[in-house]
Amino acid sequence: VDAVARRVLEAGTARHQFHRISTVSLVGEEKVAYRQGAPHRVDIRTEKRKNHNVTIIQGMDARCYGYDVEKLKDFFKKKFSVATFLEEQGSAMLIVVGGFL
C-alpha cells in the first residue's frame with residue numbers, strides 16, 4: 001500500500017493533491033498516512049496586546065494535525081519559560097505565548 005501511495009505522489013497527478021503525515025508513537029513506531037488535499041495551514045504571527053508582545057499560533061488543533069492544544073500549550077510554557085494560554089476564536093483554538101518566539 002505504501003509503495004502504491006508513494007508512486008501516486010511521485011507521479012504528481014495534476015488533478016489531485018496529496019500530503020503525507022508521519023507520526024511517532026510513544027514506543028517509537030513510525031506511522032505514515034496519506035491524505036487528499038493540501039496540508040492545513042498553520043499561522044504564526046506576532047501582535048502587541050495591552051502593551052505586551054505576544055506570539056499567536058493557530059491551526060495546530062486536533063481536527064487538522066491531531067495535536068492536543070492543552071499539552072502543546074504546556075510544552076511551550078516549559079520550553080520557553082513564558083506565560084501561555086488558549087483562546088477560542090470561532091471554531092479555531094489559538095495558543096497565545098507571551099513574548100516573541
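A residue counts as buried under 20% relative accessible area, as exposed over 50%, and as partly exposed in between (1.4 Å probe, protein chains only). The model is predicted, so local features need pLDDT of at least 70 and side-chain atom pairs count only at pLDDT 80 or more, while totals for chains, interfaces and linings use all residues. Residues are numbered from 1 along each chain as its sequence is written, and side-chain values use heavy atoms, with hydrogens and water left out.

The protein chain has two helices and six strands, taken as DSSP runs (helices H or I, at least four residues; strands E, at least two) and numbered from the N terminus. Along the sequence the pattern is α-β-β-β-β-α-β-β. Of the 101 residues of the protein chain, 22% count as buried.

Four of the strands form an open, antiparallel sheet in the order S3-S4-S6-S5; two strands pair if DSSP finds at least two bridges between them. Strands S3 (43–49) and S5 (84–89) stand at the edges with a single partner strand each, so one side of each has no neighbour in the sheet. From one strand to the next, the twist averages 30°. S4 (residues 52–58) and S6 (residues 92–98) are joined by five bridges, and Gln58 has Leu94 in S6 as its bridge partner.

Helix H2 (residues 69–80) lies across S4, S5 and S6, running at about 145° to S5. Axes here are lines fitted to C-alpha atoms, for helices over the stretch in contact (heavy atoms within 4.5 Å), and angles run from 0 to 180 degrees between N-to-C directions. Lys73 is buried at 13% relative accessible area, whereas Glu70 is partly exposed at 39%.

The structure holds six salt bridges, each defined as a side-chain nitrogen of Lys or Arg within 4 Å of a carboxyl oxygen of Asp or Glu. Salt bridges that share partners join Arg45, Glu47, Arg49 and Glu87 into one network. Glu47 and Arg45 meet at 3.5 Å, N to O; Glu47 is partly exposed at 28% relative accessibility, and Arg45 is partly exposed at 29%. Arg49 and Glu87 form another salt bridge, with the closest N and O atoms 2.8 Å apart. This pair links distant parts of the chain, with Arg49 in strand S3 and Glu87 in strand S5, 38 residues apart.
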